[in-house]
Amino acid sequence: MEQLSLFDNLKFCSVCRRPLPLNYDKEMCPGCIDNELFHQVKEYIRSKDVTEYQVAEHFKIPHRKVKHWIEEGRIEYKEQHESKIRNLHCSKCGEPISFGNLCQKCYKEKYNTRVGYAPLKEGTDSHKMRFFNES
C-alpha cells in the first residue's frame, strides 16, 4: 500500500510558495495576484496622469478596489482639496485627507511620533494620483 503525503493534493504559488488546492486553476495565490495587479497599477500611475476612475476603467477592476488602496494609504491624490470631492476624511477628527484614514496630526498622536508623512508640494496636478514607494 502506497503511503500518501500531506502535500500530495496541493500545488504551490509560483511567487510565495503558499499551498494551493490542486483544482485551483491559477499559478499564483489570490494575495500574489492582487499584489501583482497593484504593481501594474503603480507603474501605470507612474507613467500617466490619471484619476481613480481612469485606473479602474483601464484595468477593468472595481472602482472600490482603487478606493480601498487610497484608504490604505498605498496611493493618494496629489492635492488635499481632491479628498473633499472624494469624501475622504480623518477617522478621528474629520479633517479632509487625500489618502489613508488619519490626518497628519492624528497619525502623529496615534503612533506617538514627531514625524508624520510627507505632504505633497503645491502646484502639482490636482486631480491626478501618485503612489508610495514602500509597497
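Which element of the protein has the lowest mean pLDDT, and which the highest? Colour this predicted model by pLDDT to see. Helix α4, residues 81–86, has the lowest mean at 45. Helix α2 has the highest, at 92.

Stop 1: Select residues 80–85. The pLDDT is below 50 over this stretch. Beyond near neighbours in sequence, residues 80–85 still have 12 contacts in the model. Now select residues 131–135. Here too the pLDDT is below 50, and the stretch has 16 contacts beyond near neighbours in sequence. For the protein, the mean pLDDT is 77, with 69% of residues at 70 or more.

**Stop 2: α2 against α3.** Select residues 52–59 for α2 and 63–72 for α3. Their axes lie 8 Å apart and pack at an angle of about 130°. The two helices are therefore oblique to each other. The crossing of α2 past α3 is right-handed. Show side chains next. From α2, E52, Y53, V55 and A56 make the contact. From α3, the partners are H63, V66, K67 and I70. By class, the contact residues comprise five nonpolar, one polar and two charged.

**Stop 3: an aromatic pair.** The count of aromatic pairs comes to two. Select F38 and W69 for one of them. Their ring centres are 5.1 Å apart, and the planes stand at 75°. What kind of aromatic pair do F38 and W69 form? The pair is edge-to-face, because planes over 60 degrees apart count as such. F38 lies in helix α1, residues 30–47, and W69 lies in α3, so the pair ties together parts 31 residues apart in sequence.

Definitions and conventions. Residues numbered from 1 in each chain as written. Predicted model: local features only at pLDDT ≥ 70, side-chain atom pairs only at ≥ 80, totals over all residues. Heavy atoms only, no water. Axes fitted to C-alpha atoms, helices over the stretch in contact; angles between N-to-C directions. Helix = DSSP H or I, 4+ residues; strand = E, 2+ residues; numbered from the N terminus. Parallel < 35°, antiparallel > 145°, perpendicular 65-115°, else oblique. Left-handed = near helix turned anticlockwise from the far one by under 90°. Contact = heavy atoms within 4.5 Å. Nonpolar A, V, L, I, M, F, W, Y, C, P; charged D, E, K, R; others polar. pLDDT = per-residue confidence, 0-100. Phe/Tyr/Trp six-rings, centres within 6.5 Å; stacked < 30°, edge-to-face > 60°.
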